[in-house]
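The following exercises concern one structure and are each followed by a worked solution. Please consult the sequence and the coordinates while working through them.

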2 protein chains.
Amino acid sequence: MKIYLAGPDVFLPDAVEIGRKKVAICAAHGVTGLYPLDNAIDLTAPDASRQIFCGNEAMMDAADAIIANLSPFRGAGADPGTVYELGYMAGRRKFCLAYSNDGAVYADRLSRFMDVTSENGRLVDAQGLTVEDFGLVDNLMMIHALELHGCPLVTPAEMPIDVLHDLGAFETCVRMAVARLIAK
Amino acid sequence: MKIYLAGPDVFLPDAVEIGRKKVAICAAHGVTGLYPLDNAIDLTAPDASRQIFCGNEAMMDAADAIIANLSPFRGAGADPGTVYELGYMAGRRKFCLAYSNDGAVYADRLSRFMDVTSENGRLVDAQGLTVEDFGLVDNLMMIHALELHGCPLVTPAEMPIDVLHDLGAFETCVRMAVARLIAK
């Protein structure tokens, strides 16, 4: 079984190293992890970004499942590039798994970044835009996609010290993928 | 032809009104706009968020194309819920279109929110995370998905005064969808 490993991990200073660790965890559970190509492309090529896209899409098409890292990235919500890939895999009817190392409810997490107030029974942000208030960890489209196209979002019992690097919840996803897709 | 109308528009105080306007613009061009159900569900129901998800997914499955509003939402990038839907439609092999009312390059836009610096030839944000530096308006996965699964991202020649409500770029997308899917 091949699993596409999506996440903002590719933007970490040690992106290559964390990719190797994820692939090794997959291998230890008998599955093949496919880590995005962002760091294997000549970034000075004029079409570098397109090469990365085509490489990642080909990897997704070759994979049976996705494990997306939906930990907050540059704000309260998940990395949009990762979310695009989760949507793509749901659309391809692949098995969808994801984790977030910050299990707080979205509205609570947002209040770390800006004022969130209640206005006529509606939660709103500093710009007056509605804040989703369903007690979910992130936008309902991702959360319910996981329930309906794979496994519910995995969050750690306690937020790890290194949210960007901790792989405990990731390994739980690998175990779930194996249990659902191989062991049955 | 049916077009799914994705965007953070559903979070605006006048979400219902802007949905009506978008549907009317579609009708004026001879196509059917499908606007998400977020505002047509009893939000006090215990499974409200799941009802919204299922309604939106059914609408996407029924649509031939998507027009996604990728204007920045609560930060430098697009709304993750909208991005999920763009990915889903690309995965379903539907025709993908999108617009952003802020045509700035992502790295430049991010610098309005935090320090973006160059470190050994790599652009990094305040946390030391790599900032995509391909001269694109948003994450490469969305930008190239549009080129390869539909039409390139539409941006206005000049940023409109009301970024959240201006529908000029949206109407351009409708015209492009009609030209590509009906008139050929």
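**Exercise 1. Salt bridges within chain A**

The side chains of A:Arg122 and A:Glu119 meet in a salt bridge, at 4.0 Å from N to O. The model is a predicted one, in which local features need pLDDT of at least 70, side-chain atom pairs count only at pLDDT 80 or more, and totals for chains, interfaces and linings use all residues. Side-chain values use heavy atoms, with hydrogens and water left out, residues are numbered from 1 along each chain as its sequence is written, and chains are lettered from A and ligands numbered from 1 in the order in which they are written.

Task: State how exposed A:Arg122 and A:Glu119 are, and then examine the salt bridge between A:Lys22 and A:Asp9.

Solution. 
1. The criterion for a salt bridge is a side-chain nitrogen of Lys or Arg within 4 Å of a carboxyl oxygen of Asp or Glu.
2. For accessibility, buried means under 20% relative accessible area, exposed over 50%, and partly exposed in between (1.4 Å probe, protein chains only).
3. A:Arg122 is partly exposed because its relative accessible area is 24%; A:Glu119, at 41%, is partly exposed.
4. In the pair of A:Lys22 and A:Asp9, the closest N and O atoms are 3.2 Å apart. This pair links distant parts of the chain, 13 residues apart: A:Lys22 is in helix 1 (residues 15-28) of chain A, and A:Asp9 in the loop between strand 1 (2-6) and helix 1. Helices (H or I, at least four residues) and strands (E, at least two) are DSSP runs, numbered from the N terminus.
5. A:Lys22 has a relative accessible area of 0% and is therefore buried. A:Asp9 is buried, at 2%.

**Exercise 2. The relation between the chains**

Solution. 
1. The same surface serves both copies, since 100% of the contact residues of chain A recur in chain B. Contact means heavy atoms within 4.5 Å.

**Exercise 3. The interface**

Task: Describe the extent of the contact between chain A and chain B and the salt bridges that cross it.

Solution. 
1. Each chain contributes to the contact: 53 residues come from chain A and 53 residues from chain B.
2. About 4,300 Å² is buried between the chains, and carbon and sulfur atoms give 65% of it. Buried area is the accessible area (1.4 Å probe) that two parts lose on being put together, summed over both.
3. On the side of chain A, A:Arg74, A:Tyr84 and A:Met141 lose the most area to chain B, together 19% of what that side buries.
4. Six salt bridges are counted between chain A and chain B. One of them joins B:Asp125 and A:Arg74, with the closest N and O atoms 2.8 Å apart.
5. This pair crosses from the loop between strand 6 (122-124) and helix 5 (140-149) of chain B, where B:Asp125 lies, to the loop between strand 3 (65-69) and helix 3 of chain A, which holds A:Arg74.
6. B:Asp125 is buried, with a relative accessible area of 3%, and A:Arg74 counts as buried at 17%.
7. B:Arg74 and A:Asp125 also meet in a salt bridge, at 2.8 Å from N to O.

**Exercise 4. Helix 5 of chain A**

Task: How many residues of helix 5 of chain A are buried, what covers them, and which residue caps the N-terminal end of the helix?

Solution. 
1. Helix 5 is mostly covered, as eight of its ten residues are buried. Among them are A:Leu140, A:Met141 and A:His149.
2. The cover includes helix 3 and strand 4 of chain A, together with helix 2 (48-62) and helix 3 (80-91) of chain B.
3. A:Asn139 caps the N-terminal end: a side-chain oxygen lies 2.8 Å from the backbone nitrogen of A:Met141.

Methods:
Polar contact = N/O pair within 3.5 Å; in protein donor to acceptor, adjacent residues only side chain to side chain.
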